[in-house]
Amino acid sequence: MALAGAHNMTEQEKSETGGAPLLAFAELCRDLAATSKKLEKRARMAAYLGSLQVEDAARAALYLAGAPFAETDPRRLQVGGSLLGKALAQLSGASPQAMQAAYRRHGDLGDAAFDLLQERQTAPLALQDLEEAFTALALARGPLAKLQLLLALLERATPLEARYIIKLASGDMRTGVKQSLVEEAAAAAFGAEPAQLRRAVMLNGNLAEVVRMAAAGTLGQATMRLFHPLGFMLASPVDSVEEALARFAEEVALEAAAAGAMTPALRAAQLEDKYDGMRAQLHCGDRTQAGRVGLFSRNREDLSESFPDLIEAFATFGEAVILDGEILAWQPGDERATGRALPFSSLQQRLGRKRVTAEMREATPVIFMAFDLLFESGELLLELPLRERRERLEKLVAAHGALTSDPHAGPDQGMLFASGTGGFARLILAPAVPLTDVEQLEAAYAEARRRGNEGVMLKAAASSYQPGRRGLAWLKLKRELATLDVVITGAEFGNGRRAGVLSDYTFAVRGPGEQLLNVGKAYSGLTDAEIEELSRRLMEQTLEDYGHFRTVIPSIVLEVAFNNLMRSTRHNSGFAMRFPRILRLRDDKPVAQIDSLARVEEIYASQPDKPVES
């Protein structure tokens, strides 16, 4: 039974708008953003959804989750911040200075629109109108055509409606609502079990369609659809072999006594390399969508434009599967040597590009290193233990990809996918071995490092696949982070809630003749209070103000951790950090005692691989 809603529409409102008014949706979003109480957010959304006709409830649920289209829908708006900003400037008549000031106040273009747009005579908008406008935007080709459509939509909107149209189009609603909370609210609105609705969304991938099913009482009929990413199971990090063993034993040693707790845990473990690539989920082989391949990152981004060679390789795969694994830059083997993985920096020239050239594909070949099988032969395998999923994965790769007898020898050549895709297998089974004792784990970690990989993974053989969860059943033992003491030389304003503070810091080490040479940039690791104080100090020490960025007097020392160093022309030191993170402010250390370029070169030389940033 649907709940009575706080935003119930009158019949007059429905007839005037042709459906649920967009203004009521915008008012709800405003109210959701104003409260931090999860139960209140859920209750408000449930009441609102329950007050709507089913089709409008389906639209509203999707928009509350921050998505213009369902995950399984291949359409994209393709309207970035620049185009939205141009539409807002043209509609409001605001000067560039006023636009910048409004954005600086809020760190959000939607909130800036609410400030800049004035109340005026508008035509009533409905949720259906927004759906039709999004469809037209997705179909439009070229920025001019999209700009005209945006202007036509925003001209009809009140400032509050415009605020949330822009937020939704930019993918940043900022209401403090995740899709999981929308799912709970939809279940409450239509009298469904939350777990059943969540499972239907996981299988179906279309929240709007699942809301219709909930209203019809048919959630149990949901079936698996490919080409929408499932949540990734995550591993918990550990810093040492001893910690890995202790935490893993805590999770999986079910029968052991205190004295012998480690042995059964080790026998129940699977050991893999932790690769220095990009975690990805691959969907392919759906006969109802011949040739379609989905490749998704951990944050659910479509990676197909960055890796067209993988899309081509798997386009003829004849069996519907979902694989979990790692995209790796790969150096193919020959008659003298086996293939090997290359550092993550080798992948970077591919990322974020609209077009990957033939030269790039040849210079940086890629493979998909599969380590888990999530779906096969119409069956979702998440509840099966890892050992059974692994057995099925081995059979699949034996039929379609590359297997090795020596776990770390590299793939055989001439397997499926070799023809026309660079002369080597694109699907490779990640080596895995049973863990037997502490000495084996220590040796495996050292060998993984020697091969240029990040470390090792320790997985419970009995573990189910838990999408989006991070537990102790999977552990990752990675290389220790190196650290450097550096000095801040530049700072820029952040985005979002950090738009008004200097929160992104460029920093340097000492070069020859005490010259300061920039080596990296970081924005994570400090508390909000530390950032506020640091921003105040940096504003007082500004040398040159370029608006968003300013150079500062080099006086504030930081200790910065990072995963590795790369040769790079981005900074005048000739190096760049990968994954830098601020550990702490070092007000106890004078600038004269920060680390030197010689120390940077020493750390770089100690790395198993010597990556170069493209």
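Buried, here, means under 20% relative accessible area, exposed means over 50%, and partly exposed is in between, with a 1.4 Å probe and protein chains only. Keep that in mind.

This is a predicted model, where local features need pLDDT of at least 70, side-chain atom pairs count only at pLDDT 80 or more, and totals for chains, interfaces and linings use all residues. Residues are numbered from 1 along each chain as its sequence is written, and side-chain values use heavy atoms, with hydrogens and water left out.

Salt bridges next. A salt bridge is a side-chain nitrogen of Lys or Arg within 4 Å of a carboxyl oxygen of Asp or Glu. The structure has 36 of them. Helices (H or I, at least four residues) and strands (E, at least two) are DSSP runs, numbered from the N terminus.

Take Asp 309 and Arg 426. Their closest N and O atoms are 3.8 Å apart. Asp 309 sits in helix 16 and Arg 426 in the loop between helix 18 (386–400) and strand 9 (427–429), so the pair ties together parts 117 residues apart in sequence. Are they buried or exposed? Both Asp 309 and Arg 426 are buried.

Now Lys 589 and Asp 485. Their salt bridge is 2.5 Å, N to O. Lys 589 is in the loop between strand 21 (581–585) and helix 21 (597–606), while Asp 485 is in strand 13 (residues 482–493), 104 residues apart. Lys 589 counts as buried because its relative accessibility is 18%. Asp 485 is buried too, at 9%.

One more pair: Lys 167 and Asp 111, at 3.3 Å, N to O. Helix 10 (residues 159–170) holds Lys 167, helix 7 (residues 109–116) holds Asp 111, and 56 residues separate the two. Lys 167 is buried, at 2% relative accessibility. A network of salt bridges links Asp 108, Asp 111, Arg 163, Lys 167, Asp 172 and Arg 174.

On to the cores. A nonpolar core is a set of buried Ala, Val, Leu, Ile, Met, Phe, Trp, Tyr and Cys residues joined through side-chain atoms within 4.5 Å. The largest has 113 residues, and Phe 25, Tyr 48, Leu 49 and Leu 64 touch the most other members. Another core, of 31 residues, lies apart from it, with Leu 484 and Tyr 505 among them.

Which residues have positive phi without being glycine? Arg 300 has a phi of about 70°, and Ser 377 is near 50°. Arg 300 is partly exposed, at 40% relative accessibility. Ser 377 is exposed, at 56%.
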